[in-house]
Amino acid sequence: MTDHAVVIAGGGPTGMMLAAELTLAGIDVGIVERRTSQDLDGKRAGGLHSRTIEVLDQRGVEERFLSEGQAHPFVGYAGTFLDISDFPTRHNYILALWQSDFEHILAGWIGELGVPILRGREVVGFAQDDTGVDVEVSDGKSLRADYLVGCDGGRSVVRKAAGIDFPGWDPTSSYLIAEVEMDGEPEVGMRPEGGGIGPVNREEGGNPYGVVLLEKEIEHTAEPTMEDLTEALVAAYGTDYGAHSPTWVSRFTDMTRQAASYRKGRVLLAGDAAHVHGPQGGQGLNTGVQDAVNLGWKLAQVVNKTSPATLLDTYHAERHPVGARVLHNTMAQVALVRTDERSKALRDTMLELLGLDEPRKRIAAMISGLDIHYDLGEGHPLLGRRMPDLDLQTADGPTRVFTLLHDARPLLLNLGEPGDFDISPWANRVRLLDARHDGVWELPVLGEVAAPPAVLIRPDGHVAWAGDLTDPELPQALETWFGAATPA
């Protein structure tokens, strides 16, 4: 007997998003979270990228976040801003929203879904066998689950206990990050080497200020102090601006590592447990949330025995390359913001290129997550890419593609003539809908693509198949992604 079908170690953004996805799919899930409340020791990440907002839109909860943040029509790359206001998405902006606020809103949603969170406890180990996982909790109790997912951060206990290697690169830079009061008027804005000073309340300005500053030393044995911050301010600006009364002081580095495997038997990794990197481009939280949305429906289908456990192999196959690309582009950004003359020359060259449309679109689509392409083989340009949020006309009236994904179920969308495809062997899992769309189909970077007669859309919003309903590969795609045909 299991306590939960899935136990998630860690109740941060990745863990909560995964819990929501599993719950929408009818899976009993429990979160084990070290913190006694959802409060953070600092505001952490500061923005949601386009694809993350699209994912929240696919579940019908995006307005909860949009109403609390500020939209800006650009993404950051190596200290410069790239305009994305011409991108083919309803969410062609970054949403300035602190991680602390994002987590509170997300926690409210999963609370409505009834997800239990065991607070003030941590997963400290586990033992897995052929039928499940015994999860050891810091309070001395044990939980039995079908699967365990480590969303427990860069120092992941789950990853270490699973014996999964975490190769990569040691840090080359260390930054202080803090929230403080200042008696003086600081120089607000970004610094050439990264970081800078800005008001915590972006609308009102003024105190308190968020500060991010490069440190001289990379290695540290003690926690950062207000004295460290004062020294860093004086080194960077020649004054500490009368900084005092810190709400918190922390530090981060550009350490860059990725789990060798995102799965080992019945144990999986997502978010920072699977990949850590510098904060350049603000991609960490977003990548973790998107990990969760890729994994959730697959894990649900395996738990409820709709699909074989081999479906979980596609999680690593699809998300590991995405994580590797994030690591690669953050390392490139670290190199571009160095202040030696050769690095400055390289950065100037890169900025000149980014002034051209095609390089701007390529890099901005990568940072925003809109260009993600899972390798599902040869076929239509849509195959493996995010489905555009088209305006549709149906027998029940107008709707949008993302609205049809609110229940996190797969969708076979027929945009040609109503056909006679027999969906009944998958009818309890896949919805077939006839619809019409008037207008072009446009993808980021690729531009306009030919409209296929029909598309099979996974719960994560990516296209699993595109073609005509008479295509003999359609039943194969349905079976591959959503389980074997069953009698009507």
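Me: The expected span of a helix is 1.5 Å times one less than its number of residues. What does helix 10 reach from its first C-alpha to its last?

Reply: Before the numbers: this is a predicted model, where local features need pLDDT of at least 70 and side-chain atom pairs count only at pLDDT 80 or more, while totals for chains, interfaces and linings use all residues. Residues are numbered from 1 along each chain as its sequence is written, and side-chain values use heavy atoms, with hydrogens and water left out. Helices (H or I, at least four residues) and strands (E, at least two) are DSSP runs, numbered from the N terminus. Now your case: helix 10, residues 357-368, has twelve residues and reaches 16 Å, close to the 16 Å expected at 1.5 Å a residue. Just after helix 10, Gly 369 takes a positive phi of about 80 degrees.

Me: Which residues of helix 10 are buried, and what do they pack against?

Reply: Buried means under 20% relative accessible area, exposed means over 50%, and partly exposed is in between (1.4 Å probe, protein chains only). In helix 10 the buried set is Arg 360, Ile 363, Ala 364, Ala 365, Met 366, Ile 367 and Ser 368. Those residues pack against helix 2 (50-58), strand 5 (74-77), strand 6 (80-83), helix 8 (313-336) and helix 9 (341-354).

Me: Helix 2 is on that list. How many of its residues are buried?

Reply: Nine of nine, so to speak a mostly covered helix. The buried residues run Ser 50, Arg 51, Thr 52, Ile 53, Glu 54, Val 55, Leu 56, Asp 57 and Gln 58. Just after helix 2, Gly 60 has a positive phi of about 80 degrees.

Me: Next, helix pairs. At what angle do the axes of helix 1 and helix 7 cross?

Reply: Two packed helices are described by the angle between their axes and the distance between the axes. Here axes are lines fitted to C-alpha atoms, for helices over the stretch in contact, and angles run from 0 to 180 degrees between N-to-C directions. The axes of helix 1 (residues 13-24) and helix 7 (residues 284-303) cross at roughly 30 degrees and come within 8 Å. That makes helix 1 roughly parallel to helix 7 (angles under 35 degrees count as roughly parallel, over 145 as roughly antiparallel, 65 to 115 as roughly perpendicular and the rest as oblique). The crossing is right-handed.

Me: Which residues make that contact?

Reply: Contact means heavy atoms within 4.5 Å. Helix 1 brings Pro 13, Thr 14, Met 17, Leu 18, Glu 21 and Leu 22, and helix 7 answers with Leu 285, Gly 288, Val 289, Ala 292, Val 293, Leu 295, Gly 296, Leu 299 and Ala 300. They divide into eleven nonpolar, three polar and one charged (Ala, Val, Leu, Ile, Met, Phe, Trp, Tyr, Cys and Pro count as nonpolar, Asp, Glu, Lys and Arg as charged, and the others, Gly among them, as polar).

Me: Is Glu 21 buried or exposed?

Reply: Glu 21 counts as buried because its relative accessibility is 2%. Leaving aside neighbours within four places in sequence, Glu 21 is in contact with Arg 59, Ala 292, Val 293 and Gly 296.

Me: And what is the angle when helix 1 packs with helix 4?

Reply: About 25 degrees, with the axes 10 Å apart; helix 4 is residues 99-113. The two are therefore roughly parallel to each other, and helix 1 passes helix 4 in a left-handed crossing. Among the residues that meet are Met 16 and Ala 20 in helix 1, and Phe 102 and Trp 109 in helix 4.

Terms used. Left-handed = near helix turned anticlockwise from the far one by under 90°.
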